[in-house]
Amino acid sequence: MSFRFLPRQLWPDLRPFDVTRAHVKDVEVAELLNRHFQLMRSQSPPESCHVLPAEALTADDVRLYALREDGATLAIGAIKICGSWGELKSMHTAEEARGRGVGRALLAALMQEAQGLGLGHLKLETGSGPEHATARRLYENAGFEQCPPFGGYAKDPLSVFVSRAL
């Protein structure tokens, strides 16, 4: 599956990017996943770090996507299907691509894809610290609101849980 996504509903100023299903064995995808894993592990203690290892992103209930521009992989993100709702996992924009709306475009594309999968809500866990402030603003600007822990998560002062109806 491949689609060209222009997220006009949420952010009309963004230009289109190519968003495709991805695999952890793709070299550029693997590099971004590794960067994401290392960054998340460096920012949170193990008991509060919920980043998925690459092999977990190959499970049947997980869909991994890559956002590309001119063939270069700029961002990755996954949807874990949890019955009637989905959890966003492993969203990461390459440092060199930040500040260009790449994260917003990927989030909007993942929301569109989740809706196409018939999911009624998207949820996610992110960090509560200052290093996660940009991510929290991104989700807030896309209509996500704080919610209680979900799935197997427990209340944690280092985590923020958010949800959005689709």
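Two strands pair if DSSP finds at least two bridges between them. By that criterion, strand 5 (residues 85-93) and strand 6 run parallel and are joined by 3 bridges. The model is predicted: local features need pLDDT of at least 70, side-chain atom pairs count only at pLDDT 80 or more, and totals for chains, interfaces and linings use all residues. Residues are numbered from 1 along each chain as its sequence is written, and side-chain values use heavy atoms, with hydrogens and water left out.

**Whole chain**

Start with the protein chain, which has 3 helices and 8 strands. Helices (H or I, at least four residues) and strands (E, at least two) are DSSP runs, numbered from the N terminus. Along the sequence the pattern reads β-β-α-β-β-β-α-β-α-β-β. Of the 166 residues, 47% count as buried; buried means under 20% relative accessible area, exposed over 50%, and partly exposed in between (1.4 Å probe, protein chains only). The chain exposes about 8500 Å², and carbon and sulfur atoms supply 49% of this area. Accessible areas come from the Shrake-Rupley method with a 1.4 Å probe; for residues, only the protein chains shown count as cover.

Select residues 121-127, which are strand 6; 6 of its 7 residues are buried.

Next show strand 8 (residues 159-165), which pairs with strand 6 in the antiparallel sense over 7 bridges. One place to check is lysine 123, whose bridge partner in strand 8 is serine 163.

**Glycine 120**

Move to glycine 120, in the loop between helix 2 and strand 6. Is glycine 120 buried, exposed or partly exposed? Its relative accessibility is 30%, so glycine 120 counts as partly exposed. Beyond its neighbours within four places in sequence, glycine 120 is in contact with Ser84, Arg164, Ala165 and Leu166, where contact means heavy atoms within 4.5 Å. The C-alpha atoms of glycine 120 and arginine 164 are separated by 8.6 Å, and the two residues are 44 apart along the chain.

**Nonpolar core**

Now select Leu67, Leu88, Leu107 and Phe144, which touch the most other members of the largest nonpolar core, a set of 39 residues. Helix 2 gives the most to this core, with 8 residues. Such a core is a set of buried Ala, Val, Leu, Ile, Met, Phe, Trp, Tyr and Cys residues joined through side-chain atoms within 4.5 Å. Leaving aside neighbours within four places in sequence, the contacts of leucine 67 include Phe17, Val19, Leu74 and Leu106.

**Aromatic cluster**

Finish with Trp85, Phe150, Tyr153 and Phe161, which ring pairs link into a cluster. Rings of Phe, Tyr and Trp (its six-membered ring) pair if their centres lie within 6.5 Å; planes under 30 degrees apart count as stacked, over 60 as edge-to-face and the rest as tilted. The whole structure has 5 aromatic pairs. Phenylalanine 150 and tyrosine 153 form an edge-to-face pair, 5.1 Å centre to centre with 75° between the planes. The rings of phenylalanine 150 and phenylalanine 161 have centres 5.8 Å apart and planes at 85°, so this pair is edge-to-face. Phenylalanine 150 lies in the loop between strand 7 (145-146) and strand 8, and phenylalanine 161 in strand 8, 11 residues apart.
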